[in-house]
Amino acid sequence: EGGAKNQFSTFSNLITTINQKKEGIGNRNSPTQLVIPNIKTVRDLPSICLDVRQKQRMSIDTLPQEPKAPFPPEPSLPIRTKTVKDFQDDVEKSKASGDWKAVHYFYSTTFDSFLEINAAFKKDTNSPFNTVEDSGIDAQFVDVVYDALLSTPQDVQKSVLKGIINGLLQEWTGPRTKDDLRAYCILLQNPQFSNTSTYVIYAHLLRQIAALTEADHHFLVHWSKKISQRRFKQVVDRLLQFISLRLFPAKPEEFPPMVKCSWWIPSATKVLALFNAANSLISPPIISYTDFYNSTLDHIDLMEEYHNWQCYGNSHRFSFCQYPFIISIAAKKVIIQRDSEQQMISIARQSLVDKVSRRQKPDMNMLFLNVKVRRTHLVSDSLDELARKRADLKKKLKVTFVGEAGLDMGGLTKEWFLLLIRQIFHPDYGMFTYHKDSHCHWFSSFKCDNYSEFRLVGALMGLAVYNSITLDIRFPPCCYKKLLSPPIVPCDHNTLVGICDVTLDDLFQIMPELAHGLNELLSYEGNVEEDFYSTFQVFQEEFGVIKSYNLKPNGDKIAVTNQNRKEYVQLYVDFLLNKSIYKQFAAFYYGFHSVCASYALLLLRPEEVEILVCGSPELDMSALQRSTQYEGYQKTDPTIRYFWEVVLGFSLDLQKKLLHFATGSDRVPVGGMADLNFKISKSETSTNWLPVAHTCFNQLCLPPYKNKKELKQKLIIGISNAEGFGLE
């Protein structure tokens, strides 16, 4: 490594001559825009760079036809006949004999230019491979060559890097050929770029790829989705590491000064965006969307990034918020919380100024959203309070239960949410239907005169996010996709909201049995019209009456056939998930956004909204044990040892009851168990007493029970009867 470092420093001086005439390209203050081109010859892809003023999200469900435009002529390639088997034999012989000449020659020749890279790794040098469907790359050969590279002597590895520099220094005239794009795709997979000593070369490779045309980016995206999962993940991790080490270098002297390489991070982020777009094209995706998170960004000034993005959008100034896929859910939560706090302070300050200007005595209660409810009239009182105090929704929430002496330091608010959600989602209430097969709720399609209660549920979800409360709501992922359609409330009230593209997969998550039946219809090999005798109609039971709805004009007269069944299924799904519940969901949408209206929502994926609202249902009581604080006890005390032995042996249901008893919620917040700040305090009372909880402080008060059996008995009684702040 030491010998390589001096060699690479010479490369650093040489490589800085690349593209000096194009110094503006990739500059941090003027990033190259990666937007979807408006040309018919290129397939549509997900938006790579998210514009703050974008009101609709790009769809990737339908892709236009293959490009038919003429391509630049490909130069003739050298003839290379070495196969995977030949190469593997050469490597084995070299390892056995210690003579690496043949392997050295292969590597130095193969990576000497983009043409040589194609000659070695193109499946057929006589075929153009100029479609997005097939890159023409022999992926197996690439994998074998790269897997062997790091075990070769240093001079072999240096020869590869010298060759890459030669390729990057090539003078470009005219548009890039598909062979050039193939070379870029292969070079990105080079494992040598995990070493910081190669970062100067790696940065210039990324810069050239980031500066390609939109049409070239689309080819790279489609080709990247064909890379194996292992190699794809390695490339993504390498890019994330590059960004992290440029932000916080372990040895700053290894890199040029930031002012001279401010384009490194924007270039790497744009290339990472190409892989994120490729990942979005596959269902299921190649890797999880969370694999694109860079936790290093949790430690930068996120609000500065957010404000820059708000002020400048995508023009002339780089911000990580332009590429929200790289920001972790924990970091996005921080942005949303601070944005919420700023809005809360602004609203409270304005209320105070208004009061003083009218020469009225200020009251501290005016700084809060004060909700007073009776337990016996929970829903109606809550609805009245939120409707009457709509202007105060962005103030800090405080809840009072009439006739109870509990002081709301957070615990009463949590209980109000839990009880209200439990009552509203009860099947007898009729607002939502619980589907046992999928274990989730969905909106009732029954028509009614007033949809204000759906607005209340939306406002509750918004208040939960706004006040950092997790709710036990079981909506399917489709709900959160609709909630972000669009993510910013349109100014035109005639614009439809809560309408998104839905598929049979979305229906599977709600009504799996029905979705399975529709899927059977699509795959049926017989005569659909004669055997099913169906029309473009839907029948629904409403209050004991069967009603029919046409899926399209004159649908009752149009038979479902083998030719039009796909259209029938799509219209059926769209009716169930969009049209039949439009008024209910629109009220829900406006309720949520009446509290949470913020550009920060543009940063979120639907899955991330769900986590912010509901937290995670996955409990890790061992993690809770590790992060628990003690007051009056030591973690080695017998009572504490009994407690954790009992809790770790509980069923999941009892563990959830314990969490609900102690914190007011049975869900885990975004930051995990450690974010609960759970505390166990010693209660100086008789051991005949049950445990007591202060949910506002996530605190459990535990008497010093004498044995494990007594502790378990008292704890189960306590957590199973844990509702109310009834202080006599």
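**Reading helices in a predicted model**

Biologist: What covers the buried residues of helix H22?

Modeller: Strand S4 (440-443), helix H16 (452-466) and helix H17 (477-483) are among the covering elements. Buried means under 20% relative accessible area, with a 1.4 Å probe and protein chains only. Contact means heavy atoms within 4.5 Å. Helices (H or I, at least four residues) and strands (E, at least two) are DSSP runs, numbered from the N terminus. The model is predicted: local features need pLDDT of at least 70, side-chain atom pairs count only at pLDDT 80 or more, and totals for chains, interfaces and linings use all residues. Residues are numbered from 1 along each chain as its sequence is written, and side-chain values use heavy atoms, without hydrogens or water.

Biologist: How many of the 15 residues of H22 are buried?

Modeller: Eleven of them, including Phe 585, Phe 588, Tyr 589 and Phe 592.

Biologist: How do I read two packed helices?

Modeller: Use the angle between their axes and the distance between the axes. Here, the axes of H19 (512-523) and H21 (565-577) come within 9 Å and cross at roughly 165 degrees. Axes are lines fitted to C-alpha atoms over the stretch in contact, with angles from 0 to 180 degrees between N-to-C directions. So H19 is roughly antiparallel to H21, a label for angles over 145 degrees.

Biologist: Which residues of H19 and H21 meet?

Modeller: Leu 514, Leu 518 and Leu 521 of H19 are among them, as are Tyr 568, Val 569 and Tyr 572 of H21.

Biologist: Is Asn 279 buried or exposed?

Modeller: Asn 279 is buried, at 4% relative accessible area. Asn 279 sits in helix H11 (264-280). Beyond its neighbours within four places in sequence, its contacts include Phe 232 and Phe 292.

Key
Buried means under 20% relative accessible area, exposed over 50%, partly exposed in between (1.4 Å probe, protein chains only). Angles under 35 degrees count as roughly parallel, over 145 as roughly antiparallel, 65 to 115 as roughly perpendicular and the rest as oblique.
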